[in-house]
Amino acid sequence: MTDLLTTSPSGAERTTVGDDRLFPVDAHTRGLARDLYESVADLPIISPHGHVPAALLRKDHPFEDPTELLLSSDHYVTRLLHANGVSYDDLRPADGRPAGRRAWDLLAAHWHEFAGTASGYWLERTFEQVFGLTEELGSDSAGRLYTAIESRLAEPAFRPRALFDAFRIDVLATTDDPLDDLADHAALRDDASFRGRVLPTFRPDRYLDPESPSFAADVARLHEATGAPMTFAGYRAALEARRAYFIDHGAVSADHGIADLLVVDLGDQAAAFYDRAVGGSLSSGEARAFRGHMLLEMGRMSARDGLVMTIHPGVRRNHSSATFERFGADTGNDIPITTRFTDEIRPLLEEIGLLPDVHLVLFSVDETVYSREIAPLAGFYPSVYIGAPWWFLDAPDAGLRFRSAVTETAGFYRHSGFIDDTRAFLSIPARHDMSRRLDASFLARLVVEGRVRPAAARRIIHDLTDTMPREVFKL
Amino acid sequence: MTDLLTTSPSGAERTTVGDDRLFPVDAHTRGLARDLYESVADLPIISPHGHVPAALLRKDHPFEDPTELLLSSDHYVTRLLHANGVSYDDLRPADGRPAGRRAWDLLAAHWHEFAGTASGYWLERTFEQVFGLTEELGSDSAGRLYTAIESRLAEPAFRPRALFDAFRIDVLATTDDPLDDLADHAALRDDASFRGRVLPTFRPDRYLDPESPSFAADVARLHEATGAPMTFAGYRAALEARRAYFIDHGAVSADHGIADLLVVDLGDQAAAFYDRAVGGSLSSGEARAFRGHMLLEMGRMSARDGLVMTIHPGVRRNHSSATFERFGADTGNDIPITTRFTDEIRPLLEEIGLLPDVHLVLFSVDETVYSREIAPLAGFYPSVYIGAPWWFLDAPDAGLRFRSAVTETAGFYRHSGFIDDTRAFLSIPARHDMSRRLDASFLARLVVEGRVRPAAARRIIHDLTDTMPREVFKL
Amino acid sequence: MTDLLTTSPSGAERTTVGDDRLFPVDAHTRGLARDLYESVADLPIISPHGHVPAALLRKDHPFEDPTELLLSSDHYVTRLLHANGVSYDDLRPADGRPAGRRAWDLLAAHWHEFAGTASGYWLERTFEQVFGLTEELGSDSAGRLYTAIESRLAEPAFRPRALFDAFRIDVLATTDDPLDDLADHAALRDDASFRGRVLPTFRPDRYLDPESPSFAADVARLHEATGAPMTFAGYRAALEARRAYFIDHGAVSADHGIADLLVVDLGDQAAAFYDRAVGGSLSSGEARAFRGHMLLEMGRMSARDGLVMTIHPGVRRNHSSATFERFGADTGNDIPITTRFTDEIRPLLEEIGLLPDVHLVLFSVDETVYSREIAPLAGFYPSVYIGAPWWFLDAPDAGLRFRSAVTETAGFYRHSGFIDDTRAFLSIPARHDMSRRLDASFLARLVVEGRVRPAAARRIIHDLTDTMPREVFKL
């Protein structure tokens, strides 16, 4: 049984060099960081936004294939293999056979190309902490590691629910289609043998974007499912009904992904825009305005029904058409663009930014907004919280740049707490562990620089790990 | 009596941990930083741009209320309380009673939320260095600290002029309306008992922006005050006359705040734009062009009359309309936007960028321009100086990022020296002390990395603290 | 004879403080960095993009004038003198006399203004490593240093080819006009006494930009030289013919400088645009589209003929018209602007981004694209490589910011290797040495933080120094 599964992180395994992973290089600061980290290392994991499917935990089937589990399903990993010349065809099942050892060996042969990356870090931590495997992946060791993981996966302790407990996950939010029946969530809630909270998240993007290829069909299904009339008022009512359904099933937040962030109040024109959106006759600029208006409507609904509104802007999806056509979405070619908040989000904040109990969490893949826009906004509006570094920025150096960029303006208490945003279930502990280590490192430096008192640092790291995510996400 | 008021910063208090505040964590580098810092710690303060009112020093009334002095008047502090759920109503006088202890207790209860912020750092330094109070603010200590500060403020040594001397301020520039009679400045200049230099700064924004609500009325007052005819030529003459009046009263610079930086040469059309600006019939785009043209005119005037031109672009003022309507401007909801200089400021540099004795100081709240635009401009144009990190960037980590971003291209000698830009009089020593510590830290690292010789580092930190601000601001 | 010319970098001179130049300040990390550095310090220099003229090596004339060699020809150096008040007139020959000692003395008097800059660092390293001079430049030492360098330059060991060998340069690429006859390259290739590889680079900007003042004349010369008809098809054929000529002469890459990056597919309209471009009747927007289309054409040609495509966007050239008119181009007033890649380069990647053996190297003077766009692109597209920090970013701190920004997303193996991009021949060893020291420093930190294994770090620094540039540039 591995360290992660049987011993506290403060236990014996701390004697290896790896104990001080991610801590500052200066010995004194490192010692302080280690102390701060150890004060929160055993706290439960709160994961208020992510992409693990609820069905994984409801079914609780054993994981079967190390490759499928750790490689094929993780488009952070496959994208970097692709960049280094591996064809996606070689990472997928072919001729009826699973990608299995073939793909695993490719990963092993390319493992040096993952050095220094966040994905490489998490995979190595997962090997070590979940499977107890410390041998470095490489062409020599590939077979041994594969076999070892495969045999572990057959053990009861490695089934999803057992891992959920071993990982000390307290809350896990999924991301769901508004028309999902949430049966998996309900089943888990009603299952007395499962102690965790698995909460759905309302993610309505495709129902709000007239430029989505399936928009008209999706909206038709929405109306049909809710019985709401095919009007703009009916459309809004349908969305509200589905939000209420999600809330009934435990949802605490609604999540919004939008490439070019913009909030627009179309006012009385919105209904006409809706009609033309469903009819497919909006220009690209009008479609953008409609999306901007619907973001405002979502904010209004959040102000009424209390769902935390999380906004993930600034990613151009499916940059490579050929890849999208052949392999579909989420194949590693979503590329960030510049993002602006100050003017773009203003209409939303004008309406709901000062209302009590409204929570907006702003994420960015464009680092430049941290000090320029997000921290200043969160340092004034009681509704605005700073989202954790997202996507490509969810990594050690980027995480410290983030803290450095936002803290001097907004302090530590305008922050969402860590968000893993992952579909790689096994990497969850490594990601949260990384975040705790980085917070410890950052705080330790501020202590040594005389900017934060040691006792305050201990309170802050506890609050960042446990208090803030519960408060921000109303858990 | 406190350390700051009676002993040199190089005195006995250096034995505490706090002595090494903000210095690098590495022991050797820290020692070098400490030496560099001590070589400039006792130099007088030069503050060539800020917002302390001259009347404060002319009247020299005792400060009365710790809350008013340290909290209510500092919108950096109130904004973060607001973000954390405190109503501005609770920070202001109510029912005829001063905010006093009530607001102070709110600050104390929220003090942990200031950890790691620049405002928190300055307040704590002010408590310690000005009032000699080292107990941490909190609900337990709030009363003791309040009473202690209140009793100190009644002492003669804590009246504004005594503090001005104790702070070793050599030059303090204020920021003033072009129609201000500058009587306070004149009185201070003519008062033999006051040794400091308190200089006005010409800040004409409201007279140059057709979209300011009071533009027509302001311009009418300008013409009236100067007797200049109501024409564009008269408008320019009136501005020149007021600049001359400021220069007669000791002004060395003219300051320009503009949200979206742009310089435009309207040429012969400017007069017609002026007429329509006064008449209120410019479109938003035309108003922007007129502002851009007037920035050029201000540059031309600076080239003639020698006032240093400082430009502070990139802030969207009064982002929250409801807050502005209820509590007015400067209430913490000014939010930065992206700023560009290269193309936008070019017409100005084409005209005056190579002229002798023209000094332009460029500030930014958008960090991205430091390495990309400001340092390259200042590394070529003899007129362009790099402004100190401004507003949200006036903080320890941001200050080091700034030095790192500009120095490799422009060196240390294209820099304005530190600018505190504050209306919080008591925080001035803490802000300049921060800057000196950061410069010492940055230089110490470069010495240890073999990039700057130790003797050069000593010269540089002296020049940054004393020589450069005097030279750049023609003091 | 100097250290550089006679001893290995790992030799005796390592005992001075300067040995640890640029390494991290923490002693343990510094030791690791030193070990990593020493493992690559002696590797040959590969310089696949730069501006040293081939004629320098063909002629092999002695350098004559220290000022011309080290100062006048380096617009990084002259620009900072200019910013600090030195007239370009005083740095050029006047009254028939060379700038010589007069300009040298100005540099000496202003030497403190170069502290902390990349240019200052390289000059000091050149004095020390090439000429063995460790005395600091200053008004006192100016004469001694000048005389010492002058006398060295007369020695055979300081002629260009001898230095080329002493610098251990393996490959040196030049940058050349498409109509250059490349006679110098051919002569060097055919000269059995010269062992190095000096390769031309195809740089067609002026032939692709309808807004270049000489566009019509340049295109006419292009057609004339190749005999291709004056049609769009002929224009493309002429460009292809010249590319083939370059390839025959050893070229491995084509380089593209473009201020505002944009790729456009004009399709069937391209021929009409061409006609109007030659006729001088394109609007500014149309000219931009034509440039965008020709960048796509260049990419298509690279996909066919195999030339590596390097793109250097985002610099506004000749910002100061007066300086350009008086002193010409490359006089220090090229200023960066914001750059975007994600949407702007997409049409190019749609066509050739997934093709085998296509190599695109993307550079930027706008740091914000590193983590936001370039690393995500290079972490997916097998064709995209991350260019080394360019121009103003080619400096110690900027170099580490670069590594930090790109590595967590793209790893170390999507990188071009170091590019010196210099016309200052004598600074080449100092620049490559800087890069190796920075890579060693960055890797050492990652080792201490437990993110890269020590053996992996040794492999990576070797690959960054030697393997990657050979692979990326097909050497």
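Buried area is the accessible area (1.4 Å probe) that two parts lose on being put together, summed over both. I worked on a predicted model, where local features need pLDDT of at least 70, side-chain atom pairs count only at pLDDT 80 or more, and totals for chains, interfaces and linings use all residues. I number residues from 1 along each chain as its sequence is written, letter chains from A and number ligands from 1 in the order in which they are written, and take side-chain values from heavy atoms, leaving out hydrogens and water.

**Chains B and C**

I looked up the area first: chain B and chain C bury about 3,700 Å² between them, with 52% of it on carbon and sulfur atoms. On the chain B side, Phe380(B), Glu408(B) and Arg453(B) lose the most area to chain C, together 20% of what that side buries. I then listed contacts (heavy atoms within 4.5 Å); 41 residues come from chain B and 50 residues from chain C.

I counted six salt bridges between chain B and chain C, each a side-chain nitrogen of Lys or Arg within 4 Å of a carboxyl oxygen of Asp or Glu. Arg453(B) forms a salt bridge with Glu124(C), and the closest N and O atoms are 3.3 Å apart. Helices (H or I, at least four residues) and strands (E, at least two) are DSSP runs, numbered from the N terminus. Among the elements that give two or more residues to this side of chain B are helix H19 (396–410) and helix H20 (428–448).

**Chains B and A**

I repeated the search against chain A. Here the contact takes 50 residues from chain B and 41 residues from chain A. The buried area is about 3,700 Å², of which carbon and sulfur atoms give 51%.

Glu136(B) forms a salt bridge with Arg453(A), the closest N and O atoms being 3.9 Å apart. I found helix H7 (118–130), strand S7 (335–336) and H19 of chain B among the elements that give two or more residues to the side touching chain A.

**Strand S4 of chain A**

Six of the six residues are buried, so S4(A) is largely enclosed by the rest of the structure. Ser253(A), Asp255(A) and Gly257(A) cover one side and Ala254(A), His256(A) and Ile258(A) the other, all of them buried.

I also looked up pairing, which takes at least two DSSP bridges between two strands. S4(A) pairs with strand S5 (residues 308–313) of chain A in the parallel sense over six bridges. Ile258(A) stands opposite Pro313(A) in S5(A).

Technical notes: Buried < 20%, exposed > 50% of the residue type's maximum accessible area, 1.4 Å probe, protein only.
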